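Hi,

Here is the model I promised to pass on.

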2 protein chains.
Amino acid sequence: MILALTPNPALDLTYEVDTIAVFAEHRVRRVHAAPGGKGVNVARVLAQLGRRALCAGPLGGATGEEIRDLLVAADGVRQAWTPISGSSRRTVTVVAPDGATGFHEPGPALSPAECSQLKEDLRAQLSSDIGPQSSDTSPQPSDDARRIAAVTLSGSLPPGLDGDQLAGLVQACREHERPVLVDTSGPALLDAARAGADVLKPNLGEALAATGEDTPLAAARALLDLGAGTVVCSLGADGMLGVHRTPAGDAAWQAAPAEAISGNPTGAGDSVVAVLAARLLMDADPLPDVLRHAVAVSASAVTCPVAGQIDVGLAARLLPTVSIEEIPCP
Amino acid sequence: MILALTPNPALDLTYEVDTIAVFAEHRVRRVHAAPGGKGVNVARVLAQLGRRALCAGPLGGATGEEIRDLLVAADGVRQAWTPISGSSRRTVTVVAPDGATGFHEPGPALSPAECSQLKEDLRAQLSSDIGPQSSDTSPQPSDDARRIAAVTLSGSLPPGLDGDQLAGLVQACREHERPVLVDTSGPALLDAARAGADVLKPNLGEALAATGEDTPLAAARALLDLGAGTVVCSLGADGMLGVHRTPAGDAAWQAAPAEAISGNPTGAGDSVVAVLAARLLMDADPLPDVLRHAVAVSASAVTCPVAGQIDVGLAARLLPTVSIEEIPCP
């Protein structure tokens, strides 16, 4: 089972309106509510890939309850949240026929005690071989479902949880000898690299901004220098670059889709994280193979209207068309 | 105690942003959540006027829980909601320094069984002399707090609750010999008049639109013709017109503030309803006196940034400055 930790989960609300205008009142035609936050999307994609996923992270308030209730209905996703006194955030996306307008709440500030509890809960989940109890309403899992085999840590950090504390979560995984993937941005990305995250998955902009480098290859190698095991940098329509360090030197591959897929890119990065967690962290497949699967699944996610959804059939059809090229690492 | 029935209560969210643009992503700086819906505002103003208020109406889902929790914190407001299977609505108001943009969810549809239960609960509340039990966490009320003395019914109707059912709620009050005020619009305003509501409080636009008349006096008298006891029509900065039928013929007064007050008019009409419920329905004060108080309290509400808030001190200072004029009813 893969533990998908979301430091700042959200209730994602989509409002359908006929038209949108600034400084006007709008009658919302239809409301769609979904559990959100990058780690939650990762868990939902893992479930669609046939992998067991456990959602964790800080959750609180009536909004937190709503996130939990919506996830109960999501097949194959289990939950083991750390309760907090604040209320989990909402995002509101107002969709008119000609475009979308988004409003993102900042999320509740975590107290130092809540940050400690989050780490303690993670340690307990990694130590335990009985899996989550309280919020697990699924049938008795089989034995191999009781063990956390890998951890993903995705999304923005809420107020009160800084890069040091993120590094502490990465270290906890390392102490329990479980591979951990981090998908975040800014200085926290560097902190995760220094803490020895097994995989980092920035997008191009995040990789360049955090490292100050000019190319994705240079940025990825800078993150390896800091301590990361593998860096997978998503390049939008150009696919993705994967780089890891071997005793013989750095090795890099770029995987790209045969043609650009248009659609909704929100959540495509989370589907990449899910594939990396399943095939790289858990199965330890060769990096080039993993990248091909990640490109195919990510392209299928772009065709789905909702973040956290993939098209497994389309991904299977796209897989043979994905190109893979080894990139020299001088 | 006054029962303030809200057919479509809401969780009112206010998002502070630096600037707003369509088809952009916005980071919300601060989130303010308040219990909303016109009847909820009425109850909160009643509490500030030192009157006991009981919130009732259909409430459901996680949003309903949040409304309930926020009201627990509001001094002096008790709650006796009718549970429904749908989730109560939200409103989102995005406030930038140069203006506000609103998004209103439609609210959950009530089933026929839920509409019946709403009426049954109202009858039970009117029959009971023990007041609400389950959701009342305030200290044991004194004896006169256990009896519903008057009812207000304010705001839009949710899908599934039509004008006929609104009329049924008015009739239930009449059968239990409790005065009832209705603040609504459209055909439901006419239904409430026909059902014999003791007081109607449309604003000018609502009164003219529902009756097809050209002046507030003619509209008010048309509503009296249908069966209403008293009509108070709010006229914005011009104050308000009150008309009732006496054995000697119709009598009408216009009360107006000494000067226009600028500010936030949202919720000012609800403060008028609260004054009418307290001073006209409960205390049976003379209509001109009641109108003067309503104008003063309403003007104080306009100076408050949040709907459902009044400035009791300001209202007391404004009261002697309110003009009152009898209007001939030929």
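E16(A) counts as partly exposed because its relative accessibility is 35%. Keep in mind that this is a predicted model. The side chain of E16(A) pairs with that of R30(A) in a salt bridge, with N and O 3.9 Å apart. The two partners come from distant parts of the chain: E16(A) sits in strand β2 of chain A and R30(A) in strand β4 (residues 30–36) of chain A, 14 residues apart. As for R30(A), its relative accessibility is 56%, so it counts as exposed.

That pair is one of 28 salt bridges that turn up over all chains when the whole structure is searched. In general, side chains of opposite charge can pair when their charged atoms come close.

R245(A) is partly exposed, at 39% relative accessible area, while D225(A) is exposed, at 57%. These two also belong to a network of salt bridges that links R221(A), D225(A), R245(A) and D250(A).

Now the interface. How many residues of chain A are in contact with chain B? It comes to 29 residues of chain A, in contact with 29 residues of chain B. Between them the two chains bury about 2600 Å², and 59% of that is on carbon and sulfur atoms. On the chain A side, the residues that lose the most area to chain B are F23(A), R90(A) and F103(A), together 24% of what that side buries.

The elements of chain A that give two or more residues to the side touching chain B are β2 (10–16), β3 (25–27), α2 (61–72), β9 (89–96) and β10 (99–104). Of these, β10(A) gives the most, with six residues.

Two salt bridges are found across the interface of chain A and chain B. One of the contacts to look at is E66(B) with R90(A), whose side chains meet in a salt bridge at 2.9 Å, N to O. This pair crosses between chains, from helix α2 (residues 61–72) of chain B, which holds E66(B), to strand β9 of chain A, which holds R90(A). Are these two partners buried or exposed? E66(B) counts as buried because its relative accessibility is 12%, and R90(A) is buried as well, with a relative accessible area of 4%.

On to the surface. V22(A), F23(A), V22(B) and F23(B) make up a nonpolar patch there, with about 290 Å² of accessible area together. F23(B) is placed in the loop between β2 (10–16) and β3 (25–27) of chain B. Its relative accessibility is 37%, so F23(B) counts as partly exposed.

- T184(B) is in the loop between β12 (180–183) and α5 (187–194) of chain B. It counts as buried because its relative accessibility is 6%. Its side chain reaches the backbone oxygen of G155(B) at 3.3 Å. Apart from neighbours within four places in sequence, T184(B) is in contact with G155(B), L166(B), L189(B) and E206(B).
- N203(A) caps the N-terminal end of helix α6 (residues 204–211) of chain A, with a side-chain oxygen 3.2 Å from the backbone nitrogen of G205(A). After α6(A) comes G212(A), which has a positive phi near 75°.
- E177(A) is not a glycine, yet its phi is positive, about 55°. It is found in the loop between α4 (163–175) and β12 (180–183) of chain A, and it counts as exposed because its relative accessibility is 70%.
- A284(B) also has a positive phi of about 55° without being a glycine. It lies in the loop between α8 (268–282) and α9 (287–302) of chain B, and at 62% relative accessibility A284(B) counts as exposed.

On those last two, most residues other than glycine have a negative phi.

Cheers

Conventions
Residues are numbered from 1 along each chain as its sequence is written. Chains are lettered from A and ligands numbered from 1 in the order in which they are written. This is a predicted model: local features need pLDDT of at least 70, side-chain atom pairs count only at pLDDT 80 or more; totals for chains, interfaces and linings use all residues. Side-chain values use heavy atoms; hydrogens and water are left out. Patches are made of residues with over 30% relative accessible area and no salt bridge: like charges are joined within 9 Å, nonpolar side chains (Val, Leu, Ile, Met, Phe, Trp, Tyr) within 5 Å. Accessible areas come from the Shrake-Rupley method with a 1.4 Å probe; for residues, only the protein chains shown count as cover. A salt bridge is a side-chain nitrogen of Lys or Arg within 4 Å of a carboxyl oxygen of Asp or Glu. Helices (H or I, at least four residues) and strands (E, at least two) are DSSP runs, numbered from the N terminus. Buried means under 20% relative accessible area, exposed over 50%, partly exposed in between (1.4 Å probe, protein chains only). A polar contact is a pair of N or O atoms within 3.5 Å; within protein, one must be able to donate a hydrogen and the other to accept it, and residues adjacent in sequence count only if both atoms are side-chain atoms. Contact means heavy atoms within 4.5 Å. Buried area is the accessible area (1.4 Å probe) that two parts lose on being put together, summed over both.
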